[in-house]
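Please open the structure in your viewer and keep the sequence beside it, so that each selection on this tour can be followed in both places.

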Amino acid sequence: MIQFKNVSKVYSNGTAALKHINLNIGDGEFVFIVGSSGAGKSTFLKLITCEERPNEGEIIVGKQKLSDIRRSEVPYLRRTMGMVFQDFRLIHKMTVYENIAFAMHVVGASSKEIRKRVPYILGLVNLQDKAGCHPRELSGGEQQRVGLARALANKPKLIIADEPTGNVDPAMSFEIVDLFSEINKRGTTVLMVTHEHSLIKHFKKRVVEIQKGSVVSDRCTWEGGND
Amino acid sequence: MIKSFSYLFKEGLKNIWSNRTMSLASVCVLISCLLLTGAAVLFSVNINTAMKSIEGENSIKVYMKENLPVLESIKAGEEIKKLDNIASCEFVPKDEAIEQTMGMLGQEADKSLLAGMTGNDNPLPDAFKISVKDLSKYSQTAEQIKKIDGVSSINNYSDIAAKLTKLDKTVSTAGFWVVLLLAAVSLFIISNTVRVTMFSRRLEINIMKSVGATNWFVRVPFIVEGVVIGILSGLISSGILALMYGRMTKALTSITLFSTVDIGPLIGRITLIFVLAGMVFGALGGMISIGRYLKREGGDIVDW
């Protein structure tokens, strides 16, 4: 699904965010990305979504070499991914239903498709009753579930979550990662950045640790050995 | 594409209501700018029209030599007409001139004072009433006329001509710079208003881009918003301008002899220009300001 071949990224201010990263993430995998602040986790995600371009190396997402992608093609790449953010990034003037429908409008889905799919996704994240609510009327956990529902709207093959549990209470964090796990079982690749060790310990998944711009460990569980 | 456009069009309309405070601010700014520019243009048009009428009324008289045969006078008139700067040339025979003078003095005077001045006793010479195309070339034209056979004199108009020419130039130049300055100020204010609107909605742009919206998908609702706000502002400001101008000219004509340009025949054109200007300003303002955010990516849009 994702391949990093000797990828390095140095920002214009001279900060070396990533150094010679080599990593393979297969189709249908669930991977936790961990590391301290400033370790390079966000840059890692930004390179996948083409928000940033590497100075060196090659990145392949799906079958697409990102170095070959033109600026105008980036939106189409992003439509194959679902993104979930720590701060939810919902449009507050829109209802829950409209926030999800919006992502489908972006890809040119028909009204009929939208009317069919949005209630289905709301069912997946247990928010059927909140379709008409505005984001501000929801708890942090509920808002994040809307964020996840929006990410799922266009049936992505890859979900990228940047600290999705950072703004929700611990009990809700488990519920949210449970949802990610469910989605992963249906075949979607999940890449999740997190700081919460309790989640990593509880959900036994592959864990990639980045420190100072390098991958320092790549294990199947937090306490386990290298693959 | 059409499906998306109808959605984006509706989104643009909805956004006007959702961001009603900023929409109202934009409408007010556009109205002020259009009103200021419109008022300056109307002022300039009025001054120009007044100048033209002053120029028209002050026709120049060319007097022929005494007892010159009429045929000779007419021949001289043809010569005058051939000159480059002549707009009109009307022959005023001495009989007509004395009648006009009598008319000016009233019926009583007609009988007593000027009764014996008709026919062969008419002391007035034949004359031509001429108007020139370009008042600034008055002196040269006067010199050319004086050289024509049969011409006795030409009334001295050079002082007034020079003054009118100077005033005309001043008004035209000042009008041009005032309108230009106002247009520049308007653009500055509008682009800043749009920038503030964009700033408050940068998170929305960020979200749109993260779910894979193309730049055009992001742009269209903002352009629709700008165009609708422009149309609205254009209609309101032309209405206000017509109303205010009507009242002002009414007040002005009642206290002075100054006659103003009637806005009636102009109002259709003013509304059209205002609406078009509003649309262009609105759409351009939207496109220019959003371009800044479209070039950025992710968190950079919201300056995280």
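Helices (H or I, at least four residues) and strands (E, at least two) are here DSSP runs, numbered from the N terminus. This is a predicted model, in which local features need pLDDT of at least 70 and side-chain atom pairs count only at pLDDT 80 or more, while totals for chains, interfaces and linings use all residues. Residues are numbered from 1 along each chain as its sequence is written, and chains are lettered from A, with ligands numbered from 1, in the order in which they are written.

Select chain B to begin, and colour it by secondary structure. Chain B has ten helices and four strands, and along the sequence they follow the pattern α-α-β-α-β-α-α-β-α-β-α-α-α-α. Of its 304 residues, 29% count as buried, a residue being buried if 20 or more other C-beta atoms, placed from the backbone, lie within 10 Å of its own. Two residues are in contact if their C-beta atoms, placed from the backbone, lie within 7 Å; among contacts in chain B between residues at least 6 apart in sequence, 85% join residues at least 24 apart.

Next, show both chains and look at where they touch. The contact takes 16 residues from chain B and 17 residues from chain A. On the side of chain B that touches chain A, the elements giving two or more residues are helix 1 (2–18) and helix 8 (202–210) of chain B, and the largest share, five residues, comes from helix 8 of chain B.

Now move to chain A and select strand 1 (residues 2–10). Strands pair if DSSP finds at least two bridges between them. Strand 1 of chain A runs antiparallel to strand 2 (residues 16–25) of chain A, joined to it by six bridges, and V7(A) stands opposite I21(A) in strand 2 of chain A. These two strands form a hairpin with five residues between them, where G14(A) in the turn has a positive phi of about 95°. Five bridges also join strand 1 of chain A to strand 4 (residues 56–61) of chain A, again antiparallel, with I2(A) opposite V61(A) in strand 4 of chain A.

Finally, select helix 4 (residues 111–124) of chain A. Which residues of helix 4 of chain A are buried? They are V118(A), I121(A) and L122(A), and these buried residues pack against helix 3 (96–106) and helix 5 (140–152) of chain A. Just after helix 4 of chain A, N126(A) takes a positive phi of about 55°.

Conventions:
Buried ≥ 20, exposed ≤ 12 C-beta atoms within 10 Å, placed from the backbone.
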